[in-house]
Amino acid sequence: MRAIMVMFDSLNRHLLPPYGGDWTHAPNFARLAERTTTFDNCWAGSMPCMPARREIHTGRHNFLHRSWGPLEPFDDSMPEMLKRAGVYTHLASDHPHYWEDGGATYHGRYNSWEFFRGQEGDPWKGQVADPEIPEDLKRMRREAYRQDWVNRQHLGTEARHPQTLTFDAGMEFLRTNSGADRWFVQIETFDPHEPFFSHQRYKDLYPHDYDGPHFDWPDYKRVTETPDQVRHGRFEYAALLSMCDHSLGRVLDIMDERDMWQDTMLIVCTDHGLLLGEKDWWGKSVMPWYNELVHLPLFAWDPRAAAAAGRRSESLVQTIDLAPTLLEFFGVDRTDDMRGIPLPVATDTGSREAGLFGIHGGHVNLTDGRYVYMRAPVDASNQPLEEFTLMPTHMRARFGTDELADLTLAEPFTFTKGVRTLRISGRSLMNAYQFGTLLFDLVTDPEQRNPIQDDAVELRLAGLMVDLMRENDAPASQFERLGLPVTGPVTETHLLVGAQRALAVDNAEPLPKPEDFAGGGAALLIPVREMLADPVAGAILHRHLPILGDTEVLQMIGDAALLDIVAVARGAVPLDKLHAIAADMAALTTEVGSSASARGDYSPSHGPRQGRSRTQA
């Protein structure tokens, strides 16, 4: 018995032909659905990238206890369990997060692994001089943005693209080992994650007129671009999706060629989707976890159930089910820590009543397949929020000494094998409180445009949420943060949809425009970094928004201005603070209103500067 898992990142279910996508070119996904069971009710669990992968290894939710981080010493890793049971495991990937501080313990769980460089600002090629960067719509220009343009100089042909090299390696493994038994290979590409970098033959599948700025890497924020720019960005994603489809076809071809369908399991999956202008949002993580992000495509072939080819399954399944599925296939018992169950490939049996999903510090969400319930923090503090870990690293950095200064030891959880963890005060750059608690009926409102209030439905779903949180041994701090009972029943006193209705309504209001503010809002269009570098303007920002002194916040916002940040999270910069900053800056100098400020050429103390454009980053 052998198994292949083909994993994509940010693969949008609704754009694939088997799920009704009617304008993208993805014939191999259609071909895949003819050979596999297509799951219509698959949901994410922990988001985003590495939290999802921790679930794939452990079969257990991550987001209730931990933000982005490595596998922990007490975690049971599915590839490692297979390896110990005599199943050879191999990883071929171009996913850069595996090799950062917050993902560094995953790839070592396989017998062997290979990695291909160059995706999304991967610190790969060294170049001191700035690369040429075209005029671009991107505003959150972190260091990875510059590095990505360095890397692209070395990826000029499709053959050199990291995705191509990843699937080349996967094909090599399959050809080398097609005659061997008991192996598992994970062929995992970062695509179609942003930036949507693909080659011309895929772009040619989506002809359209566009003469605007370069745009293949949207910021995670509200849509502020023109309809033409949005359309172009969607086509850039679609081109990369079509490249992914081509790579998938290579796997299907070799399975046909070597008659591997007889004894080889195939799973094709993703971690989450990506908003491409739907609901006026780009990206993920900074908005509620709408269905475009969490209702996932999933295809599975089990050679023991050949009659299931072409079947559609309505069972409610989740990411945590992948590890139990692969372990069961190879006859390896799953651990008691695993909350997932093997995928019901052949029949809709054993499906769960509801599933949890979310991001650490954000909404805790639940779906029963019809309703989606998004539970926000009970108040604006979003506290208490705690991290429980023995591996204190963030995505690309270690925890700071300030974060660790007040740590304590927590009592063991059911899944830590008697080991106590560090309890560290957590923080979330995005506060779900600003959106309020939301309830959607997917039958009457499949696009989640109109949240409802139904106390009876909320009471039932909140009860299911509490049951699942307890089953997953969620810390008491999560219940307190959400205003839910640690013990005892959920009652009408715990309902939040009605109490937080005004927050949802307020957040749906249009974004403020520059002309709404003193001085035409010119100061709010200056990059925050630039303002902080000026003693006078910096003092104004620090007085009104002290959080801007946080180095992690500065890393996130790049060259963004205050109105850019509002497009990301309007609740992070209150409207009264924006008005106060604009008024103080307007009083500071009459030159703020010059057109140069909107281009980022303005120095608050000295007026317009020469010789630097925003495209030079």
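Predicted model: local features only at pLDDT ≥ 70, side-chain atom pairs only at ≥ 80, totals over all residues.
Q: Is Gln 147 buried or exposed?
A: A residue counts as buried under 20% relative accessible area. Gln 147 has a relative accessible area of 11%, so it is buried.

Q: Where does Val 419 lie, and how does its accessibility count?
A: Val 419 lies in a loop, between strand S19 (408-410) and strand S20 (421-425). Its relative accessibility is 34%, so Val 419 counts as partly exposed. Residues up to four places away in sequence are again not counted, and Val 419 then touches Leu 390 and Pro 412.

Q: How far apart are Val 419 and Phe 74 in sequence and in space?
A: The two positions are 345 residues apart in sequence, while their C-alpha atoms are 7.7 Å apart in space.

Q: What describes two packed helices?
A: Two packed helices are described by the angle between their axes and the distance between the axes. In this structure, the axes of helix H5 (residues 162-177) and H7 come within 10 Å and cross at roughly 10°. Angles under 35 degrees count as roughly parallel, and H5 and H7 are therefore roughly parallel to each other. On the H5 side the contact includes Phe 167, Met 171 and Leu 174, and on the H7 side it includes Leu 240, Met 243 and Val 251. By class, this contact of H5 with H7 has nine nonpolar, three polar and three charged residues.

Q: How do H1 and H7 cross?
A: Helix H1 (residues 27-35) and helix H7 (residues 227-257) have axes that come within 8 Å and cross at roughly 40°. H1 and H7 are therefore oblique to each other. The crossing in which H1 passes H7 is left-handed. Among the residues that meet are Phe 29, Leu 32 and Arg 35 in H1, with Leu 248, Leu 252 and Asp 256 in H7. By class, the contact of H1 with H7 has five nonpolar, three polar and five charged residues.

Q: How many residues of H9 are buried, and what do they pack against?
A: Seven of the eight residues of H9 are buried, and the helix is mostly covered. The buried residues include Leu 322, Pro 324, Leu 327 and Phe 329. Their packing partners are strands S1 (2-8), S6 (183-188), S8 (264-270) and S14 (317-318), together with helices H2 (49-58) and H3 (78-84). After H9 comes Gly 331, with a positive phi near 75°.

Q: Where is Gly 340 found, and which residues is it in contact with?
A: Gly 340 is found in the loop between helix H9 (322-329) and strand S15 (355-358). With a relative accessible area of 1%, Gly 340 is buried. Leaving aside its neighbours within four places in sequence, Gly 340 is in contact with Gly 59, Ile 320, Asp 321, Pro 324, Arg 334 and Arg 352. The C-alpha atoms of Gly 340 and Thr 325 are separated by 8.6 Å, and these two residues are 15 residues apart along the chain.

Q: Which residues does the annotation "domain: Sulfatase N-terminal" cover?
A: According to the unreviewed UniProt entry, this annotation covers residues 4-332. Over residues 4-332 the chain is 30% helix and 15% strand, and the end C-alpha atoms are 17 Å apart.

Note on methods:
Residues numbered from 1 in each chain as written. Heavy atoms only, no water. UniProt positions renumbered as here; feature names shortened; annotations may be inferred. Helix = DSSP H or I, 4+ residues; strand = E, 2+ residues; numbered from the N terminus. Axes fitted to C-alpha atoms, helices over the stretch in contact; angles between N-to-C directions. Parallel < 35°, antiparallel > 145°, perpendicular 65-115°, else oblique. Left-handed = near helix turned anticlockwise from the far one by under 90°. Contact = heavy atoms within 4.5 Å. Nonpolar A, V, L, I, M, F, W, Y, C, P; charged D, E, K, R; others polar. Buried < 20%, exposed > 50% of the residue type's maximum accessible area, 1.4 Å probe, protein only.
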